[in-house]
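I am opening my notebook on a structure that is new to me. I will write down what I look up, step by step.

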Amino acid sequence: MKRLLGLFIATMILTVTILGSTVLANNETNGTVVIKDGTNNINAKGYYMTYVYKATKSGRLTLTFSEDPGPISLTDSKGHDISDKIYGTGGLDARKFVWVVRKGTTYKFYMWYHTESARKYTIKLSTKKIGNNNTSKKKATKLKLKKEKAGMVAHGQKKGSWFKIKFKKARKAKFILKGKEIQGNLEVKFYRGKKKLATTRINAHSTAKLYSAAFTSSVKKKMKKGTYYIKFERWTSISGGDFTIKVK
C-alpha cells in the first residue's frame, strides 16, 4: 500500500529541478512556483527563473499563469534566443503566452521579474497540435483546390515548411495565406518548379492574397500548367508561428 501511495505521489509531482531549471510537463498543471528576492538566477539583464520543456507534439504551446507574471523569452536548449521577450496576449488573456514548437525539441523559458515582486504562481502548460510541417521540398504537403490547410514554422526551426499544388492545365488561381499566432513575420516564397516567382510576408492575423497576375504576364491571369511550391520560413531568428493556406 505504501509503495502504491509513493508511486501515486510521484506521478502527481510535475516539477523537477535540474541544474536550477524547472521541468514542465505537457498538458498538466505545475505545483506552486514561489519567487523570492535574491533566491533565483540573476545576470546582466536582471532576475529570472528558468523552465525546461521537451515538446511531445508539434503545435501551438500555451503557458497560462495564475497571476500576471513578468515577460518571458524562449530559447533553444543551449540558451540561444528563438523568440523575443514577450508579455501576455492582453485583455483577459494577459496571463497566457503562446509559441509554436516542434515535437522532440527541447526548449527553455526565461521568466523575468523584479526583485520587489515576491509572488506565487501556478503554471499550466498545454499544446494544441498543428499538422503540416514538412521541411523537405520532396515531401511537401499537397494542396487541393478550395481545401484549407493549416501549417506552422516552429520557433528555432531553421528549415522551411513546404506545400505544393499541381495544375494539369493553365487556369486562374488565387493563393490565400492567413497568419495566426505569429511572432514577427513569416516569409513566404513561391516557386514554379525550381524557379522562384515571388516573395511576401505574413504576420499575426494578416491575410496575403497571391494572384496569378503577380507571377505571369498572361493577360488572362492564368497560372501555367505545372507544379507550384510555397515555402514558409522564419523572417528572423526570433520569428515563428502558424498559418493557413488555401488555393481557389
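**A buried arginine**

I started with R192, which has its place in strand β17. I kept in mind that this is a predicted model. Does R192 have a salt bridge, or has it no salt bridge? I found that R192 is buried yet has no salt bridge. The nearest side chain of opposite charge belongs to E233, 19 Å away. I then listed the contacts of R192, leaving aside neighbours within four places in sequence. They are L197, K224, K225, T227 and Y228.

**The sheet around it**

Next I looked up the sheet. I counted five strands in an open sheet, in the order β13-β15-β20-β17-β18. The pairing is mixed. Which strands stand at the edges? They are β13 (141-142) and β18 (195-202). Each has a single partner strand, so one side of each is left without a neighbour in the sheet.

I noted a general point here: strands of a sheet pair through backbone hydrogen bonds, either parallel or antiparallel.

I went through the pairs one by one.

- β17 covers residues 186-192 and pairs with β18 in the antiparallel sense, over seven bridges. I picked V188 and found its bridge partner in β18, T200.
- β17 also pairs with β20 in the antiparallel sense, over seven bridges. Here K189 stands opposite K231 in β20.
- β15 covers residues 161-167 and pairs with β20, again antiparallel and over seven bridges. For I165, the bridge partner in β20 is Y228.

How many residues of β20 are buried? I read off eight of its nine residues, so I wrote down that this strand, residues 226-234, is mostly covered.

**Salt bridges**

I then turned to charged pairs. Side chains of opposite charge can pair when their charged atoms come close. I found four salt bridges in the structure.

I looked up R60 and its partner D242. Their closest N and O atoms are 2.6 Å apart. R60 lies in strand β7 (residues 59-65) and D242 in strand β21 (residues 240-247), so the pair ties together parts that are 182 residues apart in sequence. D242 counts as buried because its relative accessibility is 3%.

I went on to E233 and K189. Their salt bridge has its closest N and O atoms 2.9 Å apart. E233 lies in β20 and K189 in β17, so this pair ties together parts that are 44 residues apart in sequence. Buried or exposed? Both E233 and K189 are buried.

E233 also meets K231 in a salt bridge, at 3.4 Å from N to O. I checked the cover on this pair. K231 is buried, with a relative accessible area of 17%. For E233 the value is 12%, and E233 is buried too.

**A buried asparagine in a loop**

My last stop was N133, found in the loop between β12 (123-129) and β13. Why does N133 count as buried? Its relative accessibility is 11%, and the cut-off for buried is under 20%.

What does the side chain of N133 meet? I found a polar contact with the side chain of Q157, at 3.0 Å. Another polar contact, of 3.5 Å, joins the side chains of N133 and S161. I also listed what N133 touches, not counting residues up to four places away in sequence. The list holds R102, M152, Q157 and S161.

Conventions: Residues are numbered from 1 along each chain as its sequence is written. This is a predicted model: local features need pLDDT of at least 70, side-chain atom pairs count only at pLDDT 80 or more; totals for chains, interfaces and linings use all residues. Side-chain values use heavy atoms; hydrogens and water are left out. Two strands pair if DSSP finds at least two bridges between them. Helices (H or I, at least four residues) and strands (E, at least two) are DSSP runs, numbered from the N terminus. Buried means under 20% relative accessible area, exposed over 50%, partly exposed in between (1.4 Å probe, protein chains only). Lys and Arg count as positive and Asp and Glu as negative; His and the chain ends are not counted. Contact means heavy atoms within 4.5 Å. A polar contact is a pair of N or O atoms within 3.5 Å; within protein, one must be able to donate a hydrogen and the other to accept it, and residues adjacent in sequence count only if both atoms are side-chain atoms.
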